[in-house]
Every structure is written in C-alpha cells, then in structure tokens.
Amino acid sequence: MAQQVTQLYYKKKFIRKSLEPFLVGIEPITSKFVRNRLIVLYAHLYPEGDVPLDREDIKRNLKYLSDECQVLPLPEALDILSNDWDLPHRAVAIIVDDATQAFFQVGRKLLSDAGLPYTLAVIPGLIRSKGKEHLLARLMRIAGHSYWLSNQEMLERVLEWFGDTEHQETVSFDTVFSKASKLSELDLTRLLDHVRALDHDFMTWEELKELKSQDEVHFASHTMSHPQLRHASGAWLDWELSRSKAMLEKNLGVTVNTLVFPYGNPKNLTLEVHQALDRHGYKNSFFTEKGAVGPDTMRYSMPRLPLEDEFWRLRIHSCPAICSILYPGPKQGRVRSLGHQKYLSI
Ligand SMILES: [Zn+2]
C-alpha cells in the first residue's frame, strides 16, 4: 500500500513537472479568464538544515522571484486586496516563520541580497529573557511537539511532577497552563527539566531591532509558545494571542495584526480561536494550505505555498491564474461541526 502511494506520488510529480513549461506558457491566456490573485510564500530559510534545497537552489528561487515576480510587502498586498484594487502581474508576498538564529545568520542575507521585502513571524515567548513568561512559553511549547512525544505522554509527565496521577484521563493543556502559571521561576525550571522541554536558539530582541532598522521587514505573531492552537482555550489561548501581539508591538514599536498559525493546519482555527482572533485585534491569519489569496478569501484562512520548493514547482505556484485552478479553495469560511469541536471550514 505504502509503495503504491509512493509510486502515485512520483507519477503525479512527473506529470506536473513535465507540464510546467506548458502551464507557465498558457498563463497569459488563462489570466484573462481568472481573476488575479496574490501568492503568499512561506519559508524558514535554514539553508544548511531541514530543507531539501541547498543554498544555491534557494538563491535561484529568490532570483526568479526578484526578476520575474512582483514581491510586495505583505501589508501593502493585503491593502490592495481589501480595497479591491488591481494587483500587479505575479504579485507575491513572503513570510519567514520562527525567526531563528539560523535565519539571522544566513537566510536574512539571502533575502536582502535579492532585495526582497518580507514579513517575519516571531514567537516572542521563546525569545530568551529573564522572568516567568519565557519559562511558561517553553513549557507550553510541548502542546505542539506531538512528533517528539505524544501529547498524552507529555501531559502525564507534567501531572507526575505535580503529584497528580488521578486525573490523567481528563487533563488538558489548559489545566497545565493554569497550574504552571502559579509556579515560581525555580519550580518552573524544575518542571521544564522534568518534561525535558526543548530549547532552541531564536533571535534576540536586539537582533530583531537591528533587522527592523536595516531590512524591509514587517512583523507577525507566531503565538507565544508555538503550540497546536486547537488544544488551546480560555486564559491560555488569550495569552498566546494577546501577549505575543503586545510584546512585539512594545519591543519593536510596530503594529501587529497578522497571526501565522504554528504548524499551518487549518484544524487549528477552532470557533474559539476565531473569536479570540477577533477579540484581540487580529485582521489576518495564515495556514500552509495550498492556494492563492483573492478579495473573497476569508482573512483568517489564508493559504500559503512553500518558497523552499523545487524550482519548477515554484514557477507554477507563482502564476496566480494557474494556482487558482490547481487549488480552488479556500474561500469564504463557514462554521461546521466536527464531533464535539467546531471548526471553520475552508
Ligand atoms: Zn513555526
């Protein structure tokens, strides 16, 4: 079965790759019949790390975007859509996720060498700083790390530390947040050791300020702790959305009204998350679903496509008319029920 799926994947990839010159070639005709849309690309830009492309591949992609597309600052592009004005041909905006040290050391220079504006999605709680909030964010980050340990196992470890082994079946990450918020810094540090919470290097506030003064960059919130937001509700959800926005605005002197969903899965936009986005003044949020953004796209369900992708696929994806045909959603959202949870469908 797995072998069949792999074969099908390579077959589809071969067909699309072979069709690339044709699809890009017919774009001028197709675009006469399909409304022009915005392509939003996401990247992490760790060229030496987790992506299959090397630095030269990424430079080639960036050069293509610089030479053959119109890369706009994200706020400007969204303004054009809100006002229903015409977008330029092949309008693209770039969002870089996570703001890691690897991006600061390497990826940032690739973008500035190509002269491209971008929006940086920052996780303020994970930026190293003194005080409880940073420790709390490192703890709540476990609500996103299901690939490292299962959620249930992580919750059990926390409860074990609290000496509460009776409620393992009913415990949620909300309970963890509420219990952990009351701990001292010393106890939080002990709890982090107990659950073996990960600790990575993200950019510092000083580095973010340096970036702001030198690059054509805007900022978005990527939450406080990078969790799967579908696990969040109540006080914890409010903290993830409101504190991340407030910290960015205060420390960098900017206005933040965009959220980039950690892990990019649309299931994270629960009804409660939708209401909290509204309440905390967010105007836009992005997933990593494939598609192009138009005036009719729901602003809390905007799709993004990978910048760190094979060159032929990036060329297809950066033709909005072709992209709209290949990936017709998402459009206006409506609430549908999925079991006991309500999600906004796209
Ligand atoms: Zn992320």
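Student: What stands opposite Q70 in β3?
Tutor: Q70 stands opposite A91 in β3. Before going on: this is a predicted model, where local features need pLDDT of at least 70, side-chain atom pairs count only at pLDDT 80 or more, and totals for chains, interfaces and linings use all residues. Residues are numbered from 1 along each chain as its sequence is written.

Student: How do β2 and β3 run, and how many bridges join them?
Tutor: Strand β2 (residues 70–71) runs parallel to β3, with two bridges joining them. Two strands pair if DSSP finds at least two bridges between them. Helices (H or I, at least four residues) and strands (E, at least two) are DSSP runs, numbered from the N terminus.

Student: And how many bridges join β1 to β3?
Tutor: Five bridges join strand β1 (residues 39–43) to β3, and these strands also run parallel. L41 has I94 as its bridge partner in β3.

Student: What about β4?
Tutor: β3 and β4 pair over three bridges, in the parallel sense. L120 in β4 is the bridge partner of V96.

Student: Which residues of β3 are on which side?
Tutor: A91, A93, I95 and D97 are on one side, and V92, I94 and V96 are on the other. In a regular strand the side chains alternate between the two faces of the sheet. Both faces of β3 are covered, and seven of its seven residues are buried. A residue is buried if 20 or more other C-beta atoms lie within 10 Å of its own, exposed if 12 or fewer, and partly exposed in between, with C-beta atoms placed from the backbone.

Student: How many residues of β4 are buried?
Tutor: Five of the five residues in β4 (residues 118–122) are buried. Y118, L120 and V122 point one way, and T119 and A121 point the other way.

Student: Back to V96. Why does V96 count as buried?
Tutor: V96 is buried because 24 other C-beta atoms lie within 10 Å. V96 lies in β3, which spans residues 91–97.

Student: What does V96 touch, leaving out residues up to four places away in sequence?
Tutor: V96 touches A43, H44, L45, F103, G107, Y118, L120 and A121. Two residues are in contact if their C-beta atoms, placed from the backbone, lie within 7 Å. The C-alpha atoms of V96 and A121 are separated by 6.1 Å, and these two residues are 25 apart along the chain.

Student: Is D84 buried or exposed?
Tutor: D84 counts as exposed because it has 8 C-beta neighbours inside 10 Å. R90 is partly exposed, with 19 other C-beta atoms within 10 Å.

Student: Changing topic, which residues of α12 are buried?
Tutor: In α12 (residues 271–279), V273, H274, A276 and L277 are buried. They cover an arc of only 165 degrees around the axis, which puts them on the same side of α12; the arc is that of the directions from the helix axis to the C-beta atoms. Q275, D278 and R279 are exposed on the other side of α12.

Student: What comes just after α12?
Tutor: G281 does, taking a positive phi of about 85 degrees.

Student: Which residues touch the most other members of the largest nonpolar core?
Tutor: L38, I94, I95 and L139 do, in a core of 93 residues. A nonpolar core is a set of buried Ala, Val, Leu, Ile, Met, Phe, Trp, Tyr and Cys residues joined through C-beta atoms within 7 Å. L139 is in contact with A180, L188, L191, L192 and A197, leaving aside its neighbours within four places in sequence.

Student: What is the average pLDDT?
Tutor: The protein averages a pLDDT of 86, and 87% of the residues score at least 70. pLDDT is the predictor's confidence in each residue, from 0 to 100. Over residues 331–346 the pLDDT is below 50. Where pLDDT is low, the predicted coordinates should not be read in detail.
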